[in-house]
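Let's take a walk through this model together. Have the sequence and the 3D view open side by side as you read.

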Amino acid sequence: MIRFVILVVCVIACTLCRRVQADDYLLEEPTSCEVCKYFVNELQDRLDETGKSKEILRTGHGLDPKKRKKIAYKTSELRLVDAMEGICERILQYNVHKERKGSLRFAKGRSETMETLQGLVAKGVKVDLGIPYDLWDEPSVEVTLMKKQCERMLEEYEDTIEDWYFNKQSSKDLLSYLCKENVLNKTNQACLAEQWTGKEKKYDDTNDDAVVEAKKKRKGKKKKKKARKSESSDAKAANKDEL
């Protein structure tokens with residue numbers, strides 16, 4: 001049984017390593033649609049966080065508070081500045097989940113493939129991806145490129161974002177106004193509608209011969225073990241009847 005478990009683990013490890021190494025040769029640079037999508041995701045999250053504040057700001061000069069104008073932080077320019085500060089650094093929190101399709105390959109947290117490989121390493125299995133183990137969690141080339149493109153987008157469309165914030169946000173969401181109406185043309189907006197449901201995967205283990213064979217063997221072992229238990233129970237029952 002132990003040997004069989006080791007065999008299954010090795011088969012899975014080899015399969016995952018082949019996938020990761022093959023994908024490393026296929027660099028997919030982030031598209032402008034993907035950059036805009038995740039930039040908006042992060043900026044909207046920051047605006048949602050800062051929008052909870054009930055702070056009142058006072059502008060102007062002088063010691064008399066009556067002569068100073070009151071502005072709610074929620075509608076102030078300061079809130080937008082705070083939200084945009086370091087916004088592209090947040091892109092580095094993403095990883096490439098190469099088992100997922102389209103723009104969904106960018107997501108926070110470890111990918112399923114890397115999570116499995118990390119688990120195998122923790123169990124003592126030797127896994128060789130061609131890079132040092134301590135670099136496994138470093139931002140990938142794709143994520144680094146997306147951060148740089150995010151910075152360029154922020155610089156180029158800062159006025160557009162400000163226009164939305166002060167004049168349009170009550171009638172249009174940021175994704176539609178920035179990405180659909182300003183950054184992208186009508187032919188490259190498909191990624192904006194992509195949502196993760198758990199089914200959008202490139203790889204299907206049910207079609208992997210090595211994994212399928214390992215699963216068949218495991219099922220066969222379980223059936224034999226169950227049959228032996230059943231035979232043992234029948235034998236014990238027969239002995240009791242004889243007594």
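Which residues touch the most other members of the largest nonpolar core? They are F39, L43, I161 and L178, out of the 34 residues in that core. A nonpolar core here is a set of buried Ala, Val, Leu, Ile, Met, Phe, Trp, Tyr and Cys residues joined through side-chain atoms within 4.5 Å. Buried means under 20% relative accessible area, exposed means over 50%, and partly exposed is what falls in between (1.4 Å probe, protein chains only).

Before going further, a word on ground rules. This is a predicted model, so local features need pLDDT of at least 70 and side-chain atom pairs count only at pLDDT 80 or more, while totals for chains, interfaces and linings use all residues. Residues are numbered from 1 along each chain as its sequence is written, and side-chain values use heavy atoms, with hydrogens and water left out.

The elements that give it two or more residues are α2 (32–50), α3, β3 (94–96), α5 (141–156), α6 (158–168) and α7 (174–183). Of these, α2 gives the most, with eight residues. The helices (H or I, at least four residues) and strands (E, at least two) are DSSP runs, numbered from the N terminus.

Now for the charged side chains. How many salt bridges does the structure hold? There are ten, each one a side-chain nitrogen of Lys or Arg within 4 Å of a carboxyl oxygen of Asp or Glu. Take R46 and E49, whose closest N and O atoms are 2.8 Å apart. These two sit three residues apart in helix α2, so about one helical turn separates them. R46 is buried, at 17% relative accessible area, whereas E49 is partly exposed at 42%.

You can find another salt bridge between K168 and D163, with the closest N and O atoms 3.0 Å apart. Here K168 is partly exposed at 23% relative accessibility, and D163 is partly exposed at 24%. K172 pairs with E181, and their closest N and O atoms are 3.0 Å apart. K172 has a relative accessible area of 31%, so it counts as partly exposed, and E181 counts as partly exposed at 43%. Salt bridges that share partners also join E42, R46, E49, R90 and K108 into one network.

S76 sits in the loop between β2 (69–72) and α3 (77–84). Is S76 buried or exposed? With a relative accessible area of 5%, S76 is buried. A polar atom of the S76 side chain lies 3.3 Å from the backbone nitrogen of R79.

The other loop runs between β4 (106–108) and α4 (112–122), and that is where you'll find G109. G109 has a relative accessible area of 35%, so it is partly exposed. Its C-alpha atom is 6.8 Å from that of Y94, although G109 and Y94 are 15 residues apart along the chain. Leaving out neighbours within four places in sequence, G109 is in contact with Q93, N95 and H97.

Terms used. A polar contact is a pair of N or O atoms within 3.5 Å; within protein, one must be able to donate a hydrogen and the other to accept it, and residues adjacent in sequence count only if both atoms are side-chain atoms. Contact means heavy atoms within 4.5 Å.
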